[in-house]
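Subject: Structure for your review

Dear colleague,

Please find below the structure that I am handing over to you. A summary of the findings comes after it.

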Amino acid sequence: MRSLLLTLLVFTIFSACAQQDKPAIMSEDIQIKTALLAVPEDKREGAMVYGYNADGEVVVLRKGTNDMVCIADNPFNKGIQVSCYFKDLDAFMNRGRQLQKEGFETMEIRKKRGEEVAAGTLKMPEAPSMMYIYYGTEETYDKTNATLADGQFRYVIYTPFATAESTGLPLKPHAKGMPWLMDPGTHRAHIMVGPN
């Protein structure tokens, strides 16, 4: 009997710890409203939105009717961060999420996607493609009305294989808020524009 009680106690403790490790998933409505904070207002109504189900898996929360795709805040990451990007980036972004789910680390994902782009099995946009990122701290996030008091924007324009020579952009910013080119000459070359 004592052994049974001890086993039950240990099981209860482990169950409680497991539940604490699993983040609370926000309602679909709040996930959608929060995700749309990243995109310009005139694009919000028709944007497609990915979010998270009760098991923490990425799912489509809303189908879109325009050229923007948004993704809700990842409940497994610290802070609040949502993003929206041009639809031509969706295959690239989805592949990254798929590889992450399979257990690949960030640098492995970059390498694998690069190999797939080179092989022609993963298509990158031919024209510059916009991505909007909106982020802030959990302490200033209001879950009831989906507002972020300290929210800031970061802008990313994917320009595959662009270089400093082909764009005139610097490879690091020399003033706050100025655009600069990251990962030049690669499939994931992109122009970064940070907050002022």
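This is a predicted model: local features need pLDDT of at least 70, side-chain atom pairs count only at pLDDT 80 or more; totals for chains, interfaces and linings use all residues.

Residues are numbered from 1 along each chain as its sequence is written, and side-chain values use heavy atoms, with hydrogens and water left out.

**Overall fold**

The protein chain contains six helices and 10 strands; these are DSSP runs numbered from the N terminus (helices H or I, at least four residues; strands E, at least two). Of its 196 residues, 37% count as buried, where buried means under 20% relative accessible area, exposed over 50% and partly exposed in between (1.4 Å probe, protein chains only). Among contacts (heavy atoms within 4.5 Å) between residues at least 6 apart in sequence, 47% join residues at least 24 apart.

**Nonpolar cores**

In soluble globular proteins, nonpolar side chains tend to be buried together. A nonpolar core is here a set of buried Ala, Val, Leu, Ile, Met, Phe, Trp, Tyr and Cys residues joined through side-chain atoms within 4.5 Å. The largest one has 21 residues, and L36, V49 and C70 have the most contacts inside it. At least two of its residues come from each of α2 (28–35), β3 (68–71), β4 (80–86) and β5 (129–136). A second, separate core of 19 residues includes Y50, Y85, M131 and Y158.

Not counting residues up to four places away in sequence, V49 touches I32, A35, L36, V59, V60, L61, R62 and C70. The buried residues of α2 are I30, Q31, I32, T34 and A35, and their cover includes β1, β2 (58–62), β3, β4 and β6 (141–142).

**H190 and R188**

H190 lies in strand β10 (residues 190–193), whereas R188 is found in the loop between β9 (180–182) and β10. H190 is buried, with a relative accessible area of 3%; R188 is also buried, at 11%. A polar atom of the H190 side chain lies 2.6 Å from the backbone oxygen of R188.

Leaving aside neighbours within four places in sequence, H190 is in contact with V156, I157, Y158, T159, W180, L181, M182 and D183.

**Pockets**

Pockets were found on a 1 Å grid over the protein atoms alone: a pocket is an open set of points where a 1.4 Å probe fits, with protein on both sides within 12 Å along at least five of seven lines, and lining residues have an atom within 4 Å of a point. A volume is the space filled by probe spheres set on the points, which are joined across faces, edges and corners.

The largest pocket has a volume of about 1400 Å³. Of its 42 lining residues, N74, N77, G96, R97 and Q100 are the closest to its centre. The largest share of this lining, eight residues, comes from α4. By class, the lining has 19 nonpolar, 12 polar and 11 charged residues; Ala, Val, Leu, Ile, Met, Phe, Trp, Tyr, Cys and Pro count as nonpolar, Asp, Glu, Lys and Arg as charged, and the others, Gly among them, as polar.

The second largest pocket holds about 250 Å³ of space. Of the 13 residues that line it, A24, D73, P75, E138 and K143 are the closest to its centre.

Yours sincerely

Note on methods. A polar contact is a pair of N or O atoms within 3.5 Å; within protein, one must be able to donate a hydrogen and the other to accept it, and residues adjacent in sequence count only if both atoms are side-chain atoms.
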